[in-house]
Number of protein chains: 2
Amino acid sequence: MREVAIIGVGMIPFGRRDEDTLLDMLAEASMRALKDAGMEKKGVDAVYVANMGAGILQHQTSVASALVDRLSLMPAAADAVENGPASGASAIKNGVLAIASGYYDFVLVAGGEKMREVVGWKATDFVSTMTHPEVEYPYGVTLPGMAGMFTRLYMEKYGLTRDQLMDVAIKNQKMGALNPYAHVEMLITKEGIAESPDAVVNNPMAADPLHLYDMCPVSDGAAAVVLCPLELAQKATEKPPVVVAGFGQATDTHTLQERDDPTDLKAVTLAAEQAFTMAKMEPKDIDLAELHDAFTILEIAESEHAGFFKKGKGGIAVAKGETSLGGKLPINMSGGLKARGHPVGATGVAQVVDVVFQLRHELGDNRQVKNAKTGFTLNFGGFGNNVVAFVLRRAE
Amino acid sequence: MREVAIIGVGMIPFGRRDEDTLLDMLAEASMRALKDAGMEKKGVDAVYVANMGAGILQHQTSVASALVDRLSLMPAAADAVENGPASGASAIKNGVLAIASGYYDFVLVAGGEKMREVVGWKATDFVSTMTHPEVEYPYGVTLPGMAGMFTRLYMEKYGLTRDQLMDVAIKNQKMGALNPYAHVEMLITKEGIAESPDAVVNNPMAADPLHLYDMCPVSDGAAAVVLCPLELAQKATEKPPVVVAGFGQATDTHTLQERDDPTDLKAVTLAAEQAFTMAKMEPKDIDLAELHDAFTILEIAESEHAGFFKKGKGGIAVAKGETSLGGKLPINMSGGLKARGHPVGATGVAQVVDVVFQLRHELGDNRQVKNAKTGFTLNFGGFGNNVVAFVLRRAE
């Protein structure tokens, strides 16, 4: 296998983007990534688009063909990849494999979602289309509902507290407020009351024991990366290439109820193990991580299942500041899904973009992890039924 | 790059499958392919699902995760690939690249579509979601409409006749009637009148100059293949492996109107050239082809653009019987999309399955191309804006 590097990244600010179509967002993020790679429109061999909902939300298919046309990248090959909220990482994985095989040299991967076209219960319903079509969806199971039940079990088994969950939300909203690409810029306090003078909500219960601030917002957004073989990367750009040192993807039962232990996120553990094995690294070698905190509980549970903390210790680590800037393993210095936002098709790509910013040492003192050389991303599909992990390394 | 072989194929009869869900169909085709490969549930590393419309038609996402769960293939990786009506070939291409890279050994690719949940204009509207979202779809452009305009130009430029188009329909419906997996089993005559005693339609104009029998039906269906490295193929199964000798994928402008010459299907030419170059073969080396005859005009235009006949000669070749069984290059001995049916996500996979049947010499005298050793498939996305071609070869 050829080693693959990331030579360009691009992102647009997440949030409400009422003026933009899905295609507008994908194109803007792509152009930023191509410009960052110093490529503009030259030499892209293949394009992968990560998207979950264009069919449902925009009544649109063949999005990858439309993007290639918009960017005038013909005759580049173009496919869309869908893996629910892990579509972004799946698309990158397939781009990496295509280059690793030797078939393509330069691949653009763009992830995007325009979710705010639907609001309220319709947004929750859209997200619920990723649940089991026969034994979950028809009965009204929602992702917040699953997350609530999972949290309750986790509290019972490991002594996790509501305070620790709020620590995740406070940390991530604080970092989001510092990230120009983040959707949520509002600071919150321990009591769950927004500090911003124009905030009109407190922190009502949403899915017991999870409250409003335990959940990511519904966002529009897009992000993109440009990949090529490591041996071509140094020539292609003056910026330090970031190597895709390892990756992994694993599935678990589609439904939570069929798992022997519903608190055991086997696919997270497996995907992370695969990525670490391929990278010849261990969790202790990682300088920072972007985890899939669609719900605060997930950041903690993933940090444990990926091997960064022992089971039951992830919440304590957050409370102690070990996952804050300057801590042992800064997590979600982008603000995470919680504050950057979670336009589902974009998220897995955005996580990688944020780690690349870190590994290229391009962020300000208030977000940059000093001398960061290695990063980890985890993109969580369904309720942990399809998980993709990456280990990234700054090229020497 | 490691050479990749097809060691198992499976298909379910296409047509109206009101009793089956999309997942039922994908699972049944997959189980047949795994059984054919002698694998049952052992050792699948990754699953690719080709599907275009689950979001719109079934209000469902994460279909790949659902299929892995249904087949109990966890923790195999699983992604869905969408490229409009060429989703099937795109999914196989990505499965091939994943194995070629050395990362995965055994990959299942399943394509399926349940399209008959919508009928009449809603089916046409669904297909139209692959048109340009800004400059085509809102104005009511449909695929039959595009095909009609394209046909008129082709007739003007190359002297193609209505009779030649009907020859394609007659040939393919005749072959479909012999194929147990085909949707359309009805024979038609030159006058366009169905021969079957229970047929109630003649052949009305649909999109001038195309008539009803120039068009594929709206079908439900699924097909699947199992891929592995060629070096493992002989050990894995007693059936003759079929090598993926070459493949190509190319895009063109999303809209027909932006092409310098709207009759020039550049992406077909390029994708075929890429596939032939990789296979170190030429069109004359091919024993049979499965082309994307969603409209009769496309079989003729593709046979020319892929290099099998000179421009303007494809229609004459059909009329002379050169593309019939026993001819120089039998095309669509499965019945093609015209008669086997065109459940969009399934089609590209079904084309490969049909060529594998041929290259393994498993068909009866009325469909088997004698001593076939090489085959070609062409899967046509949009109106030729994203095309995928394969050259397949029976392993010695």
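Select B:Thr142 and B:Gly145 at the start of α6(B), where a side-chain oxygen of B:Thr142 comes to within 3.1 Å of the backbone nitrogen of B:Gly145. This is a polar contact (a pair of N or O atoms within 3.5 Å; within protein, one must be able to donate a hydrogen and the other to accept it, and residues adjacent in sequence count only if both atoms are side-chain atoms). The model is predicted, with local features requiring pLDDT of at least 70 and side-chain atom pairs pLDDT 80 or more, while totals for chains, interfaces and linings use all residues. Residues are numbered from 1 along each chain as its sequence is written, chains are lettered from A and ligands numbered from 1 in the order in which they are written, and side-chain values use heavy atoms, with hydrogens and water left out.

After the helix comes B:Gly159, with a positive phi near 70 degrees.

Colour the buried residues of α6(B), among them B:Leu143, B:Phe150 and B:Tyr154; buried means under 20% relative accessible area, exposed over 50%, and partly exposed in between (1.4 Å probe, protein chains only). Their cover includes α5, α7, β5, β6 and α10 of chain B.

Now turn to the rings, for which a search of the whole structure finds 22 aromatic pairs over all chains. The centres of B:Tyr154 and B:Tyr158 are 4.8 Å apart and their planes stand at 50 degrees, so this pair is tilted. Rings of Phe, Tyr and Trp (its six-membered ring) pair if their centres lie within 6.5 Å, with planes under 30 degrees apart counting as stacked, over 60 as edge-to-face and the rest as tilted. Both tyrosines lie in α6, four residues apart, about one turn of the helix. B:Tyr154 counts as buried at 1% relative accessibility, whereas B:Tyr158, at 24%, counts as partly exposed.

Select B:Phe308 and B:Phe376 next, an edge-to-face pair at 5.1 Å centre to centre with 80 degrees between the planes. B:Phe308 lies in the loop between α10 and α11 and B:Phe376 in strand β10 of chain B, so the pair ties together parts 68 residues apart in sequence.

How values were computed:
Helix = DSSP H or I, 4+ residues; strand = E, 2+ residues; numbered from the N terminus. Contact = heavy atoms within 4.5 Å.
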